[in-house]
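Colleague: Could you walk me through one part of this model, the pockets, in some detail? I'd like the cut-offs spelled out as you go.

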Amino acid sequence: MKIDLSKIFEMQAALDKTIHTNHNVTYEQIFNKLKFALLVEICELANEIRFFKYWSNKQCSPKAIILEEYVDGIHFITSLCLAKGCPNFVEINEHYSYANKEELTEIFLELSSSIKNLNTISEIMNWYRNYLILGIKLGFNVSEVLESYINKNKINFQRQENNY
């Protein structure tokens, strides 16, 4: 299945342009900061899912909160794509099942440990593909992710307008 990311890329490019203008930065200057922000966001996502909290009986956060955290990661991986000129689509297999706690642990360890090495188009696109697969394994569909991304993008523009 080919996932068209052109709308997300277009919206993220506009947001990035605003941020770069407001803060007088370029992709080159903030590239490592984008990678670190991506790491923080996937850790926040993991915290809401709670799959690693073997010591707790508390349930994971509601789906809407998990989706919002997931989409925060989409913002940063897309900015990395824009910085390197990646293509605006990803090819993935359509057949994935929900992940159990052990599988989520492995997925999150792999995603987080590989962020440091996101330096080429190939590495970035492979990471993006794996992140989209994670979304599917969490039960999100493409339209949910896009809708949530659009909503969060509007909030991020408002934050820029309000000197966030």
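Modeller: Points are joined across faces, edges and corners, and a volume is the space filled by probe spheres set on them. This is a predicted model, where local features need pLDDT of at least 70 and side-chain atom pairs pLDDT 80 or more, while totals for chains, interfaces and linings use all residues. Residues are numbered from 1 along each chain as its sequence is written, and side-chain values use heavy atoms, without hydrogens or water.

The largest pocket comes out at about 620 Å³. It has 21 lining residues, with Ile19, Ala37, Phe76, Gln160 and Tyr164 closest to its centre. Helices H1 (6–23), H2 (27–49), H3 (63–84) and H6 (142–161) each give at least two residues to that lining; helices here are DSSP runs (H or I, at least four residues), numbered from the N terminus. By class, the lining splits into 7 nonpolar, 7 polar and 7 charged, with Asp, Glu, Lys and Arg as charged, Ala, Val, Leu, Ile, Met, Phe, Trp, Tyr, Cys and Pro as nonpolar, and the others, Gly among them, as polar.

The second largest pocket has a volume of about 340 Å³. Nearest its centre, out of 19 lining residues, are Ile49, Phe51, Cys60, Lys101 and Leu104. H3 turns up here too, and along with helix H4 (101–114) each supplies at least two lining residues. This lining has 9 nonpolar, 4 polar and 6 charged residues.

Key. On a 1 Å grid over the protein atoms alone, a cavity is a set of points where a 1.4 Å probe fits but cannot get out, and a pocket is an open set with protein on both sides within 12 Å along at least five of seven lines; lining residues have an atom within 4 Å of a point.
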